[in-house]
Amino acid sequence: MFKGSLKSFFVVLVCLVLGTGIGIFFQQFGVTAQLFQNFVDVKFNISEIKLLFVQFGFMFGIKINLGTIFGGIAGVLLSR
């Protein structure tokens, strides 16, 4: 039971990521740019953290557009 639910979770997650990528791709064209614009765009950027012997930084971002919604719907339908 757990393996099936874990598999369907990853199917939905992959479809969400692919849908977001397709939405970002369609933002590049003038005709579809308005339709696929991001309605959630959150970024956390910690550029530099210095400790005694190590220095690092990271960035985390979330983008949600119409492609993400389509990907989520496709993922739910595929996982059934």
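Let's start at Phe58, which is partly exposed, with a relative accessible area of 42% (buried means under 20%, exposed over 50%, partly exposed in between, using a 1.4 Å probe and protein chains only). This is a predicted model, in which local features need pLDDT of at least 70, side-chain atom pairs count only at pLDDT 80 or more, and totals for chains, interfaces and linings use all residues. Residues are numbered from 1 along each chain as its sequence is written, and side-chain values use heavy atoms, with hydrogens and water left out.

Phe58 sits in strand 2, residues 55–64 (strands, E, are DSSP runs of at least two residues and helices, H or I, of at least four, numbered from the N terminus). Strand 2 runs antiparallel to strand 1 (residues 40–50), and 9 bridges join them; strands pair if DSSP finds at least two bridges between them. A hairpin of 4 residues links strand 1 to strand 2. Along this pairing, Asp41 stands opposite Lys63 of strand 2.

Now follow the chain to Asn65, in the loop between strand 2 and helix 3 (66–79). Is Asn65 buried or exposed? Its relative accessibility is 0%, so Asn65 counts as buried. Its side chain makes a polar contact with the side chain of Asn38, at 3.3 Å (a pair of N or O atoms within 3.5 Å; within protein, one must be able to donate a hydrogen and the other to accept it, and residues adjacent in sequence count only if both atoms are side-chain atoms). Leaving aside neighbours within four places in sequence, Asn65 is in contact (heavy atoms within 4.5 Å) with residues including Gly19, Thr20, Ile24, Phe36 and Asn38.
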